[in-house]
Amino acid sequence: TYGGNPMACRLAMTALQILKDEDMAANAFQQGEYLRQELSKLIGPVITHVRGKGLLNAIVINQKEGHHADRAWELCLDFAKNGLLAKPTHGNIIRLAPPLTISRQEITECVEIIEKCVKRCQ
């Protein structure tokens, strides 16, 4: 591999310096809190729980009703059609992992897409 060469090491050091200089950890914390706060407003018949830390978050989807076995997958497909990429995992969980540079406005747009898709899913 090329991972240990001087150029790759310099690139890694520069990337870490940017993370520090731009305080991306604090941004991840703040934006993650905002994301969970906004997603929690959508808890109802489709979304049963929202959890996460920083910008790594999950939406737990209600699939107790037999005919909604693929509801998380269907929601992710609908998200994608509306410009939001998310990954279903463990059957009824949708993982959200936006970039560390995400803005509050982008999170608001994300939540609006999720809300629109969830309303169609009910």
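1. Basis. Residues are numbered from 1 along each chain as its sequence is written, and side-chain values use heavy atoms, with hydrogens and water left out. Because the model is predicted, local features need pLDDT of at least 70 and side-chain atom pairs count only at pLDDT 80 or more, whereas totals for chains, interfaces and linings use all residues.

2. Helix α2 against helix α4. Helix α2 (residues 24–40) packs on helix α4 (residues 104–121) at an angle of about 25°, with the axes 10 Å apart. Helices (H or I, at least four residues) and strands (E, at least two) are DSSP runs, numbered from the N terminus; axes are lines fitted to C-alpha atoms, for helices over the stretch in contact, and angles run from 0 to 180 degrees between N-to-C directions. The pair is therefore roughly parallel (angles under 35 degrees).

3. The α2–α4 contact. Gln 30, Gln 31, Tyr 34, Leu 35, Glu 38 and Leu 39 of α2 meet Arg 104, Ile 107, Thr 108, Cys 110, Val 111 and Ile 114 of α4 (contact means heavy atoms within 4.5 Å). These residues comprise seven nonpolar, three polar and two charged (Ala, Val, Leu, Ile, Met, Phe, Trp, Tyr, Cys and Pro count as nonpolar, Asp, Glu, Lys and Arg as charged, and the others, Gly among them, as polar).

4. Helix α3 against α4. Helix α3 (residues 71–81) and α4 pack at about 130°, their axes 10 Å apart. That angle makes α3 oblique to α4. On the α3 side, Arg 71, Leu 75, Asp 78 and Phe 79 take part, and they meet Ile 113, Ile 114, Cys 117, Val 118, Arg 120 and Cys 121 in α4. By class, this contact has seven nonpolar, no polar and three charged residues.

5. The largest pocket. Its lining has 16 residues, with Leu 84, Leu 85, Pro 98, Ile 102 and Cys 110 nearest the centre (a pocket is, on a 1 Å grid over the protein atoms alone, an open set of points where a 1.4 Å probe fits, with protein on both sides within 12 Å along at least five of seven lines; lining residues have an atom within 4 Å of a point). Helix α4 gives the largest share of the lining, five residues. The lining divides into 12 nonpolar, one polar and three charged residues.

Conventions
Parallel < 35°, antiparallel > 145°, perpendicular 65-115°, else oblique.
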